[in-house]
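Here is a friendly note to read alongside the model. Take a look at the picture below, then work through the points one by one.

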Amino acid sequence: MTEPLNARDIDATYAWYRAMGVAEFTAEAPTDWFDLERQIAARREAAKARPVEAKPARPVAPTARPPSMDRRPETPRPPAIPPATAMRQQPDAPPAIRRPPPAAPDQAVMTARTQAAKAQSLAELRAILERFDGCGLKATAKSLCFYRGVEKARIMLIGEAPGRDEDLAGKPFVGPAGQLLDKMLASIGLDESTVHITNVVYWRPPGNRTPTPQEVQVCEPFLERQIALVAPEVVLLLGGAAAKQVLDSQDGIMRLRGKWRDLEKGGKRYRAIATLHPAYLLRTPNAKKQAWRDLLMVEAALGASR
């Protein structure tokens, strides 16, 4: 048997209904739940007839947002520092290396002519080249490759440009091509103590590329002065690039090689002959017989001039 509810339980039950929003427990008349339209209309009429009690507005407490939704105070940012000022404020950063920009081609050539004419010895010419900034190759090369051999020689050899090995050593023709050249000279009784070896440009082109006409033109006054100071009896041109530049010709090396030519530099005449470059002979061993014939012509010319 179910026990009857006491007054405390009844009050708790009514309080729960009120909390759930129950306004009334029973109606004045039975409700026909099947006549829905009439029921709705009757409830509307009853609502209109019932006086409306004005209820005081309940103050709405401001809802505090959770800390995660609060807007964070803006942190003041430091003023922007210009790049130049930022560099000055970094004492640990190494100073940037500034190289002088190369001069205009015409101006560089004129400067080279003026400076080269002042040299009265190869030592002075070397010092001038070390100070000269008119050739763009100097900015990318490691060393000045001036010459190898003796200052005064009966034969002067001129190649194209220094390579990697030459740039590291600071001398022309010291790599594999230079070693072959030494063997070629030894075959006709010559060595470093009797020859003077140089190139048409004095600094290594990046990636061992061919020197541009502008780079060769800027170095030309120094080469002419170098020839005049060495005063050779024979000028041996190694490869097509050197032969074209020194002989001022557009012919290929196969047409230029093996023929004596008169070379006029600085008001003086020299006997010049072109041959194949040692680097080409390393790639094409079958061409060594042609270079050998050229060397025999050089040997005969030096022997006849004694």
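1. Please keep in mind that this is a predicted model. Let's begin with Phe146: its relative accessibility is 0%, so it counts as buried, because the cut-off for that word is under 20%.

2. Phe146 and Tyr147 form an aromatic pair, with 5.2 Å from centre to centre and 75 degrees between the planes, which makes it edge-to-face.

3. Now find Tyr202 and Trp203. Tyr202 is buried at 0% relative accessibility, and Trp203 is buried at 3%.

4. Across the whole structure, the search finds four aromatic pairs.

5. Another ring worth a look belongs to Trp260. The charged end of Arg271 sits over this ring, 4.2 Å from its centre.

6. Finally, turn to the largest pocket, which holds about 600 Å³ of space. It is lined by 28 residues, and Glu160, Ala161, His277, Ala279 and Arg283 are the closest to its centre. Helices α6, α7, α10 and α11 each give two or more residues to the lining.

7. Which element gives the largest share of that lining? The answer is α11, with four residues. By type, the lining divides into twelve nonpolar, ten polar and six charged residues.

Terms used
Residues numbered from 1 in each chain as written. Predicted model: local features only at pLDDT ≥ 70, side-chain atom pairs only at ≥ 80, totals over all residues. Heavy atoms only, no water. 1 Å grid on protein atoms, 1.4 Å probe; cavity = no way out; pocket = protein on both sides within 12 Å on 5 of 7 lines; lining within 4 Å. Points joined across faces, edges and corners; volume = space filled by probe spheres on them. Nonpolar A, V, L, I, M, F, W, Y, C, P; charged D, E, K, R; others polar. Phe/Tyr/Trp six-rings, centres within 6.5 Å; stacked < 30°, edge-to-face > 60°. Buried < 20%, exposed > 50% of the residue type's maximum accessible area, 1.4 Å probe, protein only. Lys NZ or Arg CZ within 6 Å of the ring centre and 35° of its normal.
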